[in-house]
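Hi everyone, thanks for coming.

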Amino acid sequence: MPLNIFDWSRTPLGPKEAWPLSLRAAYDIMMSSGFGMCAAWGPAKTLIYNDAYAPFLGQRHPAAVGQPLDEVWRDVWHEIGPLYERTMAGESVRLENMHLRMTRHGYPEDTYWTFSYSPLRDGNTVCGLFNVAVETTETVLAQNRARIYAERVQLALSAGAIIGTWFWDVPKDRFAVDEAFASSFGLDSALGYDGLSLEQVIATVHPDDRPELSKALKDAMERGGAYAHQYRVRRADGRYYWIEANGRVELGPDGSPQNFPGVLINVEERRAVEAERDTAIAKLRALNTDLEQKVVAQALARGRTWQVSPDMLGVLNAEGYFEASNPAWHATLGWLEEEVAGTVFFDFIHPDDQKKTRVAWEDALDRGLPALRFENRYRHKDGDWRWLSWVAVPDDMKVYCSARDITDEKRRQEELAERTAERDRLWETTNDLMGTGNLDGYLKAINPAWTTLLGWSENELLARRFHDIIDPADHAESDRAIARLAAGKDVAGFTNAILCKDGSLCHIMWAASPDPGTGLFHMVGRNVTGQRAAEETLRQAHKMEAVGQLTGGLAHDFNNLLMAVSGALELTRKFINQGRYTDVEKYIAAAQDGTKRAAALTHRLLAFSRRQTLAPRPADINQVISGMVDLIQRTVGPSIKVANVGSTGLWTAMVDVPQLENALLNLCINARDAMPDGGRITIETSNRSIDWHAARQLDLSKGQYLSLCVSDTGTGMPPEVIARAFEPFFTTKPLGEGTGLGLSMIYGFARQSGGQVRIYSEVGQGATVWIYLPRHLGKAEEDEILPVAEVLKPARQGETVLLVDDEAMVRMLIVDVLGEAGYTVLEAGDGLAGLRILQSDAQIDLLVTDVGLPGGMNGRQMADAARASRPDLKVLFITGYAENALLRNGQLETGMSILTKPFEIDTLAGRIRELIDA
């Protein structure tokens, strides 16, 4: 039963909708992948898997779905069990090139696989495992073939069949040969090791064989790869002997031959036997009289060829009865000569081949054909069937035949045909993109999956450069992949985004290999869009877990603060009613303290969500750090040494300096807490040029950055803590000793500033935190010394302030404060109402407005619209967080300022006076 309709409620896993996030993510990845994958979950070891894993199970599939893993693999659990236990202990296990006997195409075959087992977690607990299988059969078989070839060469050397070995350095035209080669040709051994020239080697070849040898060498040099050729050479005794040269030409990146190693094999005996056989068969074909037939038949019966020929020789009568057969029949088919004599050869032929063989036989005899050639299957004595290739020469009432065993050749042909058919079926039916491309940028051939997946027709794709359908963001990396192919190197695991005809993007993972000397490359692409979506779903699930944790922590902390504020206010009202005014002050102070703590908590939350109010300016980071070293040293205490290593020539950064100072202080406090017995904190700065590769790893844009690094010699962090360090409310400190918002605030500040934060740490080896900030192409501004604001400084005659805020209680407080200071205050509850007042003739010296306003117009839009008619209008934005539209190029315009809620009344009055007077 397919997994996507399986009733999981019948298993220990329960309904799929209730599965833990990690198990659902593993299921989604399995369903979108073409690799064999499985997972086992929970105490019951419940097994789930995808279609590509089914061949491993064989007849166990589909009953294995939802069953315990140890029951499904009971017969091999003694091997799998220890792997399961290691994975459940949190270890990732990898087994390479494991041998499996599988039935996938109707017959058993030897296969090899690499398995990767990874733990699946529910929170911090390992509850299952995830297994990915990748086939390595071709790689292992290639290694085995190379090993067997080496063993055969050694056996041949031992048996004396190999005359010697050579190594030809083609560019230098020098042959290095072994002692056996040198001895066989009467050469000095030292000369052989120093190297011969091609001319010296060719001099030993028989003159009649040199043209064909030259042609064979030229062909091998041009195409590269395997080489085999037979010719005669003059050996040390002065005689010419037949040898076979076997070697391999290795080509360089430019297609030119570089190295040519090989061996010389003695084939003199083989050639002699083949010559005798050919002579005998020629005589058979030339027979014209019964006397000659008898003479030749007797000669064959006594001759060396009849006895030693690997081909099956025989004499049959016109009805197909054997009159004579040579020993090769027994060697090839197991039948003795006396068992073959007097039998009809048709009786040994496979039933499916009998009719066509008999028709060809009778037709040849009836028409008097000079020779008959056919192929059929012949029964071996053990019951197996062997393919034979026949040459039969009819002469009067006799037929003289020679048969050769071609079973291995036939099987290779059938395997080749099957592989070709399978390749064609795969080409036509696979969901993977297959094709051939030209290094000049055009596709040469593609399979139907391109059209199915992308929507483009074959003609549309072949007529355009493939860059036209690649997402421009991936052009540079795609060019690097093409350059690697052009250099003769394979490409694997490369992913880019491909434009579909409907305008959407598909993410394709490619594997490609160059075709040397052709300018072409062959490629296979797998659609990983769904896998990426599944990974994104998993990441989103983790984010939702963090949001849930944040919400719980936020409610806890705010309830405490609200309790402090509301309790203080309640007691204040009670004591005022009782006339106990002297006791009121401490409760007012408690309420104010609770308000400040709530504001600090909100500030950290906004930093984490990257919505805090930032006032960036060009700054010299070295100068900022130098001004904080004394404060940091006093904060961390005398047992910890603080070292400041500022880079000379440090670039300028556009950054909110107070927020950067806050982030640096938080990092140093974290470092202090990790060094209870004292240690060292090092603060370093440097310039960093981030290339495309580093940018992908850091999740940044390519470009120039400043690096602020804080290192300590403390206890360090394990990987699982580093992975969660930036989550809100995550802390390793005991309850009540930390909110867990410090690093999340730093992360939010860095990301909102256009940068990034990264942690490197090992347990017992300390920790290092990097903050990356974008470079600003300009000079740093000098620190501005602001005058101390006077509390409720009186307004001048007629000064008017327009207040726009949708919160009535906030308006009431501000109106009362400004009224006491002597300002005329106009009010509006939304942006449109405020704009109507601004577009009137009313005198307005300052606009005080919230940023987030109802009615379709925010505070920034209202201020911009008002400045069309009041270009010198001064504006004070009061906001709980920074809207994206508030800043222009990272800065406010002249005559504008920001004040973050909640603020003190003193600060508001001072800022209003400062703006009006500016």
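Quick one to start: which residue in S32 is the bridge partner of Phe 877? It's Ile 898. Keep in mind that this is a predicted model.

So let's look at the sheet around that pair. We have an open sheet of five strands, ordered S29-S28-S30-S31-S32, and the pairing is parallel. At the edges you'll find S29, residues 824-828, and S32, residues 896-900, each pairing on one side only. On average, neighbouring strands here are turned by 20° against each other, if you ignore direction. S31, which covers 875-879, pairs with S32 over five bridges, in the parallel sense.

Now the helices. H30, residues 859-866, lies across S28, S30, S31 and S32, and runs at about 155° to S30. Then there's H31, residues 905-917, lying across S30, S31 and S32 and running at about 180° to S32.

Okay, on to another sheet. This one is open too, with five strands in the order S17-S16-S20-S19-S18, and here the pairing is antiparallel. S17 (443-446) and S18 (491-499) sit at the edges with a single partner strand each, so one side of each has no neighbour in the sheet. The twist from one strand to the next averages 30°.

Inside that sheet, S19 (505-515) and S20 (520-527) run antiparallel and are joined by eight bridges.

Notes
Residues numbered from 1 in each chain as written. Predicted model: local features only at pLDDT ≥ 70, side-chain atom pairs only at ≥ 80, totals over all residues. Heavy atoms only, no water. Pairing = 2+ DSSP bridges. Helix = DSSP H or I, 4+ residues; strand = E, 2+ residues; numbered from the N terminus. Axes fitted to C-alpha atoms, helices over the stretch in contact; angles between N-to-C directions. Contact = heavy atoms within 4.5 Å.
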